[in-house]
Amino acid sequence: MSVLKPWRQVAVPHKDIRDGKFDASVFAADLGEVLAGRGAVDYRDAATFFSKTYLTDGLTKLVIDVMQRLAQTGKTEPVIQLQTAFGGGKTHTLLTLYHMLKKPSEVGKISQVQKLVSAAGLKQIPTANVACLVGTAMNPANGRTFWGEMAYQLGGEKLYKRVAKNDELKIAPGSTDLGAVLQEAGPCLILLDELLVYLLKAGGVKVEDSTLRGHTLTFLQELSIAVSNCPHAIMVATLTSQLPEFLDENGERVYQSLEKVLGRVEKVRQTVEGAEIYEVIRRRLFESLGDEEHHKAAANAYWEMYRGLKEDVPASCREPSYRAEIERCYPFHPELISVLYERWGSIPEFQRTRGVLRLLADVISNLYQAKDNETLIQSGSVNLGAAAVRGELVKHTGSGSVYHSVIESDIAGSHAKAPEIDRHLGSEYAK
């Protein structure tokens, strides 16, 4: 291992991570903020967004299907539901579609986009009107309803007039009226995000003998029917596969109602699967991964070591496929990503991909500035003695102050017992 280059001399983290000045909120995509012209440039600027986005197989297929539906050249299902755990890439997927279809002149020359267009059998990004309805950004009390906002975004005041009365009364229009809106709008993409948040807020707005929540659920059902019957329209909606812990019994019923409405006609998609998470994480954290020959050398060295250890390590680590997995994961060890994404990913507050990115950004920043000389970033590389790393890790446990004390006293503090014991028993370990 000593002849191998340290990871930090091969892979180059993004500058803000190298300098320890990154803003953790950059890993929380917010479509509403992008629509308002605010938020991190990573999401707001189309070119920057695509430079840091890895197009997984699922995302690639989805984008191609959407373009073919809009161009009326394929047989794509008209209503698509994105269902993943918190931080599983739902909003990132909507942003990909938004930038492509809303800003074709800005992204049309990007190589990634050109490949997508070509794969769809098209010569250019299809022209389409785009409506983005983001539940966290909309105000049910005094703003437009979902149907009013959709019509306005698709066709301005002219198209809004078709549903103006329904918008004023907050009563959902039927599928016939919505179908007329979609027909007049021409090729159109409807993106729906944070629906549950909006429905919870809308429950407090009375509409005759019902509430705006009930009418919004009716609208979503009628819209699904209208989109299905309009050959140049397509709808993509997000729904988390995990029930938010903050929901009370009433909130759970709302969630179940939304599931039923969205579950009638749409196909559920996953956009990140299996080993693709390695590339997603690497693209977001590093501006360059360096020479692949170094990746191969590191992977082979680890694999040969595991083979030499024989039964002392799991059999899966001695399979040739594990060598390839180490290479795909470089500069991380696969076990580190597995622990964070699969085990810690079961903690609702950790938010999977988003949580992994936030923690690893802190880990990389700390190791890079400390001039870490390890070949790979492993679970044992995580420096719990660094306040930022420790804080990001333990805040998801629900007992942050307790774990801070335990780590400081026993594991990684300046006077921690474990390192002191290790120093005294060093020769015994060697034996």
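Biologist: Is Lys371 buried or exposed?
Modeller: Exposed, with a relative accessible area of 56%. Keep in mind that this is a predicted model.

Biologist: Where is Lys371 in the chain?
Modeller: Lys371 is in the loop between helix 19 and helix 20. Its phi is positive, about 55°, although Lys371 is not a glycine.

Biologist: What about Gln72, what is its phi?
Modeller: Near 55°, so a positive value in a residue other than glycine.

Biologist: And which loop holds Gln72?
Modeller: The loop between helix 5 and strand 2, and that strand covers 79–84.

Biologist: New topic. At what angle do helix 17 and helix 18 cross?
Modeller: Roughly 75°, and their axes come within 9 Å. That makes helix 17 roughly perpendicular to helix 18.

Biologist: Which residues make that contact?
Modeller: Helix 17 uses Tyr322, Glu325, Ile326 and Cys329. Helix 18 brings Pro334, Glu335 and Ile337.

Biologist: How many of the contact residues are nonpolar, and how many charged?
Modeller: 5 are nonpolar and 2 are charged, with no polar ones.

Biologist: What sits in the loop between helix 17 and helix 18?
Modeller: Pro331 is there. A cis peptide bond joins Tyr330 and Pro331, with omega about 10°.

Biologist: Back to Ile337. What does it touch?
Modeller: Leaving out residues up to four places away in sequence, Ile337 touches Ile277, Tyr278, Ile281, Cys329, Phe332, Glu342 and Leu360.

Biologist: Which residues touch the most other members of the largest nonpolar core?
Modeller: Ile281, Leu285, Phe332, Ile337 and Leu360, out of 48 residues in that core. Helices 15, 16, 17, 18, 19 and 20 each give two or more residues to this core.

Biologist: Which helix gives the most?
Modeller: Helix 19, with 8 residues.

Biologist: What lies apart from that core?
Modeller: Another core, of 44 residues. Leu133, Met150, Leu223 and Cys230 are among them.

Biologist: Why would nonpolar side chains gather like that?
Modeller: In soluble globular proteins, they tend to be buried together.

Biologist: Switching to helix 8. Which of its residues are buried?
Modeller: Gln112, Val113, Leu116 and Val117. Seen down the axis of helix 8, they fall within an arc of 135°, so they line one face of the helix.

Biologist: Why does that spacing put residues on one face?
Modeller: An α-helix has 3.6 residues a turn, so residues three or four places apart point the same way.

Biologist: Which residues are exposed on the other side of helix 8?
Modeller: Lys115 and Ser118.

Biologist: What do the buried residues of helix 8 pack against?
Modeller: Helices 4, 5, 6, 7 and 15.

Biologist: What comes just after helix 8?
Modeller: Gly121, which takes a positive phi of about 80°.

Biologist: Last one. Where is Asn166 found, and what does it touch?
Modeller: Asn166 is in helix 10, residues 164–169. Not counting residues up to four places away in sequence, it touches Trp147, Ile171, Ala172 and Pro173.

Biologist: How far apart are Asn166 and Arg282?
Modeller: 47 Å in space, C-alpha to C-alpha. In sequence they are 116 residues apart.

Methods
Residues are numbered from 1 along each chain as its sequence is written. This is a predicted model: local features need pLDDT of at least 70, side-chain atom pairs count only at pLDDT 80 or more; totals for chains, interfaces and linings use all residues. Side-chain values use heavy atoms; hydrogens and water are left out. Axes are lines fitted to C-alpha atoms, for helices over the stretch in contact, and angles run from 0 to 180 degrees between N-to-C directions. Helices (H or I, at least four residues) and strands (E, at least two) are DSSP runs, numbered from the N terminus. Angles under 35 degrees count as roughly parallel, over 145 as roughly antiparallel, 65 to 115 as roughly perpendicular and the rest as oblique. Contact means heavy atoms within 4.5 Å. Ala, Val, Leu, Ile, Met, Phe, Trp, Tyr, Cys and Pro count as nonpolar, Asp, Glu, Lys and Arg as charged, and the others, Gly among them, as polar. Buried means under 20% relative accessible area, exposed over 50%, partly exposed in between (1.4 Å probe, protein chains only). The arc is that of the directions from the helix axis to the C-beta atoms. A nonpolar core is a set of buried Ala, Val, Leu, Ile, Met, Phe, Trp, Tyr and Cys residues joined through side-chain atoms within 4.5 Å.
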